[in-house]
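Trainee: I am new to this model. Please walk me through how to read its features.

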Amino acid sequence: MAWLLGALCALIVAGGAYWKRSLTLSGAIAAWVMGTVYFGAGNVLWFGILLVFFLSSSLLSKFKQANKAELEKSYAKTGTRDAGQVFANGGAGMLLCILNAIWPDPGWVYAFIGVMAAATADTWATEWGGLSRRPPRSVLTGKVVPPGTSGGVTLLGSTAAALGGLMIACFGCLFAAMAGMEGSSGGAFIIAGVIGGLVGAFTDSFLGATVQVMHRCRVCGKEVEVLSHCGQPTEPVRGWRGMNNDAVNFLSSCIGGIAAFALALLG
């Protein structure tokens, strides 16, 4: 029954997101599969946190969208998420949900909070950071870089990342209580959310500044993530082949989950 209910709830959410153009068709199918697993193998905590991440990220992507339109031309992925983005942000959490169903342990839950906090923090940092009046600085050198540069961070974006992680932690406490999960610690949830979120967001920036594959526009000379810019094909200039935005997001969420798992258990 839980699997059927999960499939129905996931279908409603994914269908609504597709209708609102927050998801592509492939993204909607991936979200339906993921939501079904989260609810069927997990409970309200797992499905609820996934829903909070998705709704908050979708709303933020629409906030002052015109102000961020120019920056989004440099990004490989925009507010309308495809299957790659869906699994990059929630795939690690889905694996943890399955592991917890097979071998229940509080550690999986804390790691999950860290994973989703990292995904949320990175999304919030990107969306809010794009509205910063101050130019970003390189996470490697601290020098000012052009807006939209991969690996650039701002105070506004970093603050948003911390708040995003805190939000996931707070909802985690709420959903854990609703699910009647015994042995869960509110303090551990806060640590998992905030630290996991910040670690994940800064890991994303570090990977973006070092190994993510980047291209240069032949027209304006700007370093971008996309294969076409200013109406012309771009040329690769640095990074590892295959280390695209989705791969960076997945790795960052995993590292955020590992940090949350370690710190929450130590706390």
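Trainee: Which strands form the open sheet, and in what order?

Mentor: Start with the general idea. Strands of a sheet pair through backbone hydrogen bonds, either parallel or antiparallel. Here, 3 strands form an open sheet in the order β4-β3-β7, with antiparallel pairing. Strands are DSSP runs of E, at least two residues long, and helices are runs of H or I, at least four; both are numbered from the N terminus. Two strands pair if DSSP finds at least two bridges between them.

Trainee: Which are the edge strands?

Mentor: They are β4 (223-224) and β7 (235-238), each pairing on one side only. Strand β3, residues 214-216, pairs with β7 over 3 bridges in the antiparallel sense. Within that pairing, Met214 stands opposite Arg238 of β7.

Trainee: What should I know about the source of the model?

Mentor: The model is predicted: local features need pLDDT of at least 70, side-chain atom pairs count only at pLDDT 80 or more, and totals for chains, interfaces and linings use all residues. Residues are numbered from 1 along each chain as its sequence is written, and side-chain values use heavy atoms, leaving out hydrogens and water.

Trainee: Is His215 buried or exposed?

Mentor: Learn the scale, then apply it. Buried means under 20% relative accessible area, exposed over 50%, and partly exposed in between, with a 1.4 Å probe and protein chains only. His215 lies in strand β3. Its relative accessibility is 9%, so His215 counts as buried.

Trainee: Which residues is His215 in contact with?

Mentor: Contact means heavy atoms within 4.5 Å. Leaving aside neighbours within four places in sequence, the contacts of His215 include Glu223, Val224, Glu235, Pro236 and Val237. His215 and Trp240 are 25 residues apart in sequence, and their C-alpha atoms are 11 Å apart in space.

Trainee: How many helices and strands does the whole chain have?

Mentor: The protein chain has 9 helices and 7 strands. The radius of gyration, taken over C-alpha atoms, is compared with a globule rule: 2.2 Å times the number of residues to the power 0.38. For this chain the radius is 18 Å, close to the 18 Å that the rule gives for 267 residues, so the chain is as compact as a globular protein of that length. The C-alpha trace spans about 55 × 40 × 35 Å along its principal axes. Of the 267 residues, 49% count as buried.

Trainee: What joins residues that are at least 24 apart?

Mentor: Look at contacts between residues at least 6 apart in sequence: 72% of them join residues at least 24 apart.

Trainee: Where does Tyr38 lie?

Mentor: Tyr38 lies in helix α2. At 0% relative accessibility, Tyr38 counts as buried. Its contacts, leaving aside neighbours within four places in sequence, include Trp46, Phe47, Met94, Phe112 and Met116.

Trainee: What is the phi of Arg21?

Mentor: Arg21 has a positive phi of about 65°, although it is not a glycine. Its place is in the loop between α1 (2-19) and α2 (25-41). Arg21 is exposed, at 64% relative accessible area.

Trainee: Which residues does Thr80 touch?

Mentor: Thr80 touches Arg21, Ser22, Leu23, Thr24 and Gln85, not counting residues up to four places away in sequence. Thr80 sits in the loop between α4 (65-72) and α5 (83-102). At 31% relative accessibility, Thr80 counts as partly exposed.

Trainee: In which helix is Cys170 found?

Mentor: Cys170 is found in helix α7, residues 155-178. With 41% relative accessibility, Cys170 counts as partly exposed. Cys170 and Gly186 are 16 residues apart along the chain, and 8.2 Å separates their C-alpha atoms.
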